[in-house]
Structures are given as C-alpha cells and as structure tokens.
Amino acid sequence: MNWIDNFVRPKIRSFLSNKRETPENLWVKDPESGEMVFYRDLEANQWVVPNSGYHMKIKPADRLATFLDGGKYDLVPVASVPVDPLKFRDQKRYTDRLKENRAKTGHEDSVLVATGKLYERAVTVAIQDFDFMGGSLGMAAGQGIITGIETAARLKTPFILFVSSGGARMQEGILSLMQMARTTVAVLRLREAGLPFFVVLTNPTTGGVTASYAMIGDVHIAEPGALIGFAGQRVIEQTIREKLPKGFQRSEYLYSHGMVDMVVHRHNLRSTIGSLAAILTNAPPNEAITATSPKALTDQSSLRDAAVAAEGDDDLDPPAAAAHAE
C-alpha cells in the first residue's frame with residue numbers, strides 16, 4: 001500500500017474541504033460614490049446606502065418583510081397561464097429563459113402577490129421583481145396584477161403595488177401588450193369598489209408598464225432617484241433632436257412637473273402609505289402612524305431637494321446635499 005496515496009492525500013483533501021469558504025459579495029459598491037459598503041449594513045438599512053442615500057434594488061421578500069407588520073405575510077397563488085404560446089426563440093428558447101429566471105429568483109414569474117397588515121389594518125400588496133427578466137410584463141405578470149386587484153376587492157383592502165419593470169415582454173409579442181388593457185380594466189373595477197390604489201414607482205419603471213397600470217393609481221409615490229418614463233432619454237433626444245434637461249425622467253423631476261404625487265424615502269414608505277390608507281378609508285386614528293408621520297414628511301422634503309441637487313437640474317432650485325446620482 002502506498003501511504004502517500006492512502007493516508008497523506010486524503011488528509012489534505014479533508015483539510016481543504018473543511019476549510020471555511022469565504023462568502024462572495026461581502027462588499028457592495030455604491031453606484032454614486034464608488035464607496036464599498038458592507039453587505040450586512042446594506043441589508044439592515046433596507047438596501048439604501050447609508051452615506052449617499054442611494055436606493056438600490058431590493059428583493060421582494062425583503063420588501064415585504066420590512067413593509068408589513070412583523071414581516072408577516074401570506075403569498076396569494078396566481079393562476080397559471082400558457083407558457084411560450086408563440087414558440088419564441090432568439091439566442092435561447094423562451095422556455096429556457098423562464099427556467100433560468102425561475103431558478104435564479106425562486107418565483108414563477110415577475111409579479112408576487114401577498115396579503116398582510118400595515119399598522120394593524122389588512123392590505124394587499126403586489127411586487128414586480130426586476131430580477132425576473134427585467135420585471136417585464138407578460139401574461140403571467142398581467143395575471144399577477146389582476147389577481148392582486150381581485151384579492152383586494154374581495155377582501156375589501158387597499159391595494160399597494162411596487163413597480164419595477166423594463167416594459168413589455170417581447171417574447172410574448174401582442175399577448176404582452178394586451179396585458180396593458182387587461183390590468184387597466186381591473187384597476188377600474190377596484191375604483192368602482194371604492195378601494196384606494198397606491199403605486200410605488202421604483203428604479204426603473206419604463207415602457208408599457210408606465211403606459212398602463214403604473215400611472216392610473218389614486219396616489220403615485222416614487223422612491224428617490226428612480227428612473228420613470230416610457231421611452232429612453234436617448235431615443236427621445238434622437239426623435240425630437242433636442243437636448244433634454246439634466247435629471248429628466250428621474251422621480252424628483254417628475255414630482256416637480258406633476259407626474260408623481262410625492263417622493264418618499266424607502267424608510268418612510270411604511271408610515272406614509274399607512275397614513276394615506278387610513279385617510280382614504282376613513283379609518284380611526286392610529287397612534288403608531290401619528291408618531292411617525294411628521295418625521296416621514298420632513299424627510300421626504302429634504303430628500304427630494306437633495307436628490308434634485310444631485311441631478312443639477314437648471315429648472316429647479318437645488319440645495320447643497322446629494323441623495324443619488326445618475
């Protein structure tokens with residue numbers, strides 16, 4: 001017997017296999033300042049960079065955990081839809097792309113629907129996950145939005161939608177564009193039921209989503225620095241052959257020009273929406289909301305001004321601090 005092969009090498013292999021692996025992505029780079037931020041610090045701060053205030057993308061599970069009371073919620077099943085009805089293929093088959101994104105995110109499609117409580121009041125929440133094919137709007141995503149609206153109407157709760165999307169899903173062609181009309185009709189049914197519809201526009205919100213349900217809510221709230229628009233800035237400039245102002249299509253610019261109702265820091269979304277939901281449903285006062293609302297409104301104003309300063313828009317009056325960058 002060769003003692004090197006039978007004894008020494010197994011010992012070395014066991015030593016190497018038991019060695020603690022270093023987790024990847026412990027540090028995340030701030031897109032604004034280039035600062036390296038510890039992963040745990042970002043996670044604890046709801047994925048907002050502490051120094052710059054830059055709002056990074058946040059996973060649906062983390063969003064629900066920090067938004068709803070106690071982080072408790074129940075996912076609502078969404079009815080299945082035909083898969084790859086057009087038999088679409090580009091560099092990959094559409095079915096293969098779906099499998100890859102389902103494995104990556106752990107979800108069936110880009111829209112999740114959940115029920116829970118916000119300041120002890122029942123609400124229905126839908127979240128569009130940008131990690132799933134850019135949050136694109138297809139038949140399954142459209143069905144998810146409609147399921148959320150129908151659930152809110154059935155339970156008689158406010159409906160809160162967190163939007164993040166690159167637009168319609170090209171792999172489904174005209175069937176994807178039809179979801180714009182379907183979701184719009186569903187929103188009108190929610191309005192007929194007298195229930196409030198809150199839209200939270202996150203970075204980015206573009207394309208057919210902006211041209212449909214993302215812009216027909218009762219209250220439109222945007223996170224600081226979110227890119228919101230239909231076509232891209234370069235496409236618009238090439239079409240009209242004019243230079244667009246700095247900060248164009250950012251949430252602060254849209255707020256200044258009346259396209260969104262308010263720009264709210266992620267930390268204050270919970271108290272702001274809770275307060276608005278109570279007002280629009282004629283609910284009795286809640287001391288927990290009353291204690292946090294004044295601070296939330298103050299922070300909202302200062303963050304908006306700071307973000308406008310970062311964009312350097314000549315049409316607005318910017319103060320000194322910066323909340324985000326392009």
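**From salt bridges to the sheet**

A: Lys243 is exposed, with a relative accessible area of 72%; here exposed means over 50%, buried under 20% and partly exposed in between, computed with a 1.4 Å probe and the protein chains only. The model is predicted, so local features need a pLDDT of at least 70 and side-chain atom pairs count only at pLDDT 80 or more, while totals for chains, interfaces and linings use all residues. Residues are numbered from 1 along each chain as its sequence is written, and side-chain values use heavy atoms, with hydrogens and water left out.

The side chain of Lys243 meets that of Glu237 in a salt bridge, with 3.9 Å from N to O. A salt bridge is a side-chain nitrogen of Lys or Arg within 4 Å of a carboxyl oxygen of Asp or Glu, and by this rule the count comes to 11 salt bridges. In contrast to the exposed Lys243, Glu237 is buried at 19% relative accessible area. Another salt bridge joins Glu108 to Arg102, whose closest N and O atoms are 3.6 Å apart. Glu108 is exposed at 59%, whereas Arg102 counts as partly exposed at 28%.

A further pair leads towards the sheet. Asp109 and Arg169 form a salt bridge of 3.1 Å, N to O. Asp109 lies in the loop between helix 4 (94–105) and strand 4 (111–118), and Arg169 lies in the loop between strand 6 and helix 6, so the pair ties together parts that are 60 residues apart in sequence. Helices (H or I, at least four residues) and strands (E, at least two) are DSSP runs numbered from the N terminus. Both partners are covered: Asp109 is buried at 9% and Arg169 is buried at 1%.

Two strands pair if DSSP finds at least two bridges between them. Strand 5 (residues 121–128) runs parallel to strand 6 and is joined to it by four bridges; Ala126 has Leu161 as its bridge partner there. The chain passes from strand 5 through helix 5 (residues 139–155) to strand 6 in a right-handed β-α-β crossover. Right-handed means that, with the strands pointing away from the viewer, the path from the first strand over the helix to the second runs clockwise. Strand 6 also pairs in the parallel sense with strand 7, over six bridges, and Ile160 stands opposite Phe198 of strand 7. Strand 6, helix 6 (residues 173–192) and strand 7 likewise make a right-handed β-α-β unit.

Pro204, in strand 7 (residues 197–205), is buried at 12%. Beyond its neighbours within four places in sequence, Pro204 is in contact (heavy atoms within 4.5 Å) with residues including Ser164 and Ser165. Strand 7 pairs in turn with strand 8 (residues 219–222), in parallel over four bridges.

These strands belong to an open sheet of seven strands with mixed pairing, in the order 3-4-5-6-7-8-9. Strand 3 (73–75) and strand 9 (262–263) stand at its edges, each with a single partner strand, so one side of each is left without a neighbour in the sheet.
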